[in-house]
Amino acid sequence: MIPRRLALTAALTLVSAALAACGGSDSNSTPAGGSSTEGFSSKREAASGQTVRWWMYGGDAKVNAYVDDTVAPAARKLGVRIERVPVADTADAVQRVVAERRAGKTSDGSVDLIWINGENFASGKKAGLWLEDWATGLPNSRFVDPDDPAIRTDFQVPVDGQESPWQRAAFVFASDSDRTDTPPSDLDALLAYAEENPGRVTYPAPPDFTGSAFVRQVVAAKGEDAGFEYLKQLRPFLYRAGKTYPKSEAELSRLFGDGQVDFAMSYDPAFVNSGVRKGQFPRTARPFSLSDGALQNTSFVTIPANAANPEGAQVIADLLLSPQLQAAKADPASIGNPTVLDLGRLGDRRSLFSEAEDSPYVLAEYGRTLAELPADRVEELERRWMLEVLRQSP
Amino acid sequence: MTGARWRSGARDAALLTPALAVLALLFGGAIVGVTRVSLIPLGQNASLDAWRDLFGDPLFGDAVVFTLRTALISTTLAALVALGLALAAQRRGTLVRSLLALPVPVPHLLVATVAVVWLAPGGLADRILGGLPVTLVRDSGGLGIVLVYVYKEAPFLLLLVLAALGRGHQESDEAAAALGVTPLQRLRWVTWPTVRSPLVVGSIVVFAFALGAFEVPLAVGPSYPPTIAEYARQATQGDLISGQSTAAATLLLSAAGSIALAALAVRAARDPQGG
């Protein structure tokens, strides 16, 4: 039993490694050039009949439903099919593009579109993996404010037309109004709460996405050294005395839903809304943000330079920016995600957004914006956390 | 005579060629590929940076110690449990033996997943009991990993040991008993020499598996430290480009360990005394 398993696993690993070894590592990329609206209609023609394989994080049911039930039908009307390829981590999609590049595959790649941001985008950009100068040529990009730093840059890395904005995210917390009358107003109050209620607070362990964002939230609010001092102070009062951490946001949400800890957190500003809808959170769950500010960022879609269907991918990226689809996404009944469009540029279409109803499960304001740290700092902070907080755990 | 020996040798070589060719292509090609990735990060010049980073990283040191420790404890416990069960079950019928071997065909990942569903923080047991008194899954000592491996590998070793404890052993044991040899002496001088070889070879295989597999530590392992395989995985998730080189260097070291263990197992299998 074991030798066979061992041999099979080894064989599969080795086959993929061997295939990867056969290719070259040239840094070929295909500049697409900026395109006018007329230029774009020729792209629409070329896109007709294409199937766009959109690699995206598959762990969010409401995003999946939005893509399948709202985006895909709209794309079909334009003659483009969407094949959603769910991945557990966006890095998996980038790894695929890297593997294809290593194998010398400069066209006809298996990834057409990736939902991406941060370090994944930055390292791909550094390696020349993405199609260049296409995003600013999308007709619907006129509704986006090109001077907004959250649109122009991605974790402080210039976007340079290599990705098109799709979603806004803000780091929010959740508490249960039945259990916690007044949630902590800032990070110091959170520490005081943990000291008074040992074991009732925790966060996922970086490099998990949410855990890493929590560490950045602390560092952005307090400065790096003071932030790490804060995390070390917090550690002994965490769930299970900080000896173990949830592995993911899902695990933290489960602990919160079961009443084992008092707060959940997410970079998805509508996560309380969806947690309550799924029945995972009690109806008394409420989102809150800290007066220190909330980490905010934008996530984008990018197209690999070797994509097999780059025209179809651009048509989808344009569609994602259409006011109708952005409004549908902002509706708390769908995702409840704040739009990336500049409402001032929408004219009459602005009314689409005012219909999004008020919900106790979505915050109207996130407070002071804490800008994301540069992408290359993210891994550095994750390592520092592992070395100074996790490794030194009692 | 010499001609016959030569013909027999040639026939053996011909029989082995297909298997060896596949092995050379898969393993040889892969080792070359992984070595190349470890030395040449995508879009950069060849360097030893990945290897330097690896040996300079205290996290890697912790991962090596943790992996060796959990693999060693799991293997030792699994071997002891298998031996105990084999002695208890050697005169039992097929039903008892089959029931004992039941976990063998169950995939590791399934066992790990069931352990997480039941025993993880926020798992079913946690909810029913309102908090488990001991941490099994995510324990920083790797208790969860050890438990899953013992549950999975002890029955595998048990099958090997039971196969050795056949009729021949039974007859020798009875003959020794008739000569008035005490049970403890029979265990030392009759049973142990019989089971030693399959137990040692099997344990080496189990150790090599526990050293390289990553799904069980990923599911039930602690937040820290990682195992070597998890360390490699984390490296690729952290920095997508240079992380691949670090992961490749890590896996090469791990593969070297497995190859050394395989050589040891072959030697032990040849030696009737179990090496």
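The C-alpha trace of chain B spans about 75 × 75 × 30 Å along its principal axes.

Residues are numbered from 1 along each chain as its sequence is written, and chains are lettered from A, with ligands numbered from 1, in the order in which they are written. In this predicted model local features need pLDDT of at least 70, side-chain atom pairs count only at pLDDT 80 or more, and totals for chains, interfaces and linings use all residues, while side-chain values use heavy atoms, with hydrogens and water left out.

**Confidence**

The predictor gives the complex an ipTM of 0.71 and a pTM of 0.72. For single residues, its confidence is expressed as pLDDT, on a scale from 0 to 100. Chain B has a mean pLDDT of 87, and 97% of its residues reach 70 or more. Within chain B, confidence is lowest in H6(B), with a mean of 79, and highest in H3(B), at 94. For chain A the mean is 86, and 89% of the residues reach 70 or more. Over residues 1–35 of chain A, pLDDT stays under 50; the model has 64 contacts beyond four places in sequence for this stretch. Contact here means heavy atoms within 4.5 Å.

**The two domains of chain B**

Chain B is divided into domain 1 (1–39) and domain 2 (56–270), with bounds that come from an automatic or database domain assignment. Their C-alpha centres lie 30 Å apart. The contact takes 5 residues from domain 1 of chain B and 5 residues from domain 2 of chain B.

The size of an interface is often given as the accessible area lost when the parts come together. Buried area is accordingly the accessible area (1.4 Å probe) that two parts lose on being put together, summed over both. Between domain 1 and domain 2 of chain B it is about 460 Å², and carbon and sulfur atoms give 81% of this area. On the side of domain 1, B:Val34, B:Val37 and B:Ser38 lose the most area to domain 2, together 72% of what that side buries.

Across this interface the rule finds 0 salt bridges, a salt bridge being a side-chain nitrogen of Lys or Arg within 4 Å of a carboxyl oxygen of Asp or Glu. It finds 1 residue pair in polar contact, with both residues at pLDDT 80 or more. A polar contact is a pair of N or O atoms within 3.5 Å; within protein, one must be able to donate a hydrogen and the other to accept it, and residues adjacent in sequence count only if both atoms are side-chain atoms. The side of domain 1 that touches domain 2 has 3 nonpolar, 2 polar and no charged residues. In this classification Ala, Val, Leu, Ile, Met, Phe, Trp, Tyr, Cys and Pro count as nonpolar, Asp, Glu, Lys and Arg as charged, and the others, Gly among them, as polar.

**The interface between the chains**

In the complex, 48 residues of chain B are in contact with 46 residues of chain A. The two chains bury about 4200 Å² between them, 59% of it on carbon and sulfur atoms. There are 4 salt bridges between chain B and chain A; in one of them the side chains of B:Asp62 and A:Arg391 meet, at 2.4 Å from N to O. The chains also share 10 residue pairs in polar contact, both residues being at pLDDT 80 or more. Among the elements that give two or more residues to the side of chain B are helix H1 (2–39), helix H3 (58–89) and helix H9 (183–212) of chain B. H1(B) gives the most, with 8 residues. By class, this side of chain B divides into 24 nonpolar, 14 polar and 10 charged residues.

**Backbone details**

| Cis peptide bond | Omega |
|---|---|
| A:Pro206 to A:Pro207 | about 15 degrees |
| B:Tyr224 to B:Pro225 | near -5 degrees |

A:Pro207 is found in the loop between helix H7 (187–196) and helix H8 (209–222) of chain A, and B:Pro225 lies in the loop between H10 and H11 of chain B. A:Asp108, a residue other than glycine, has a positive phi, near 65 degrees. This residue, A:Asp108, is placed in the loop between helix H4 (90–102) and strand S3 (113–116) of chain A.

How values were computed:
Helices (H or I, at least four residues) and strands (E, at least two) are DSSP runs, numbered from the N terminus. pLDDT is the predictor's confidence in each residue, from 0 to 100.
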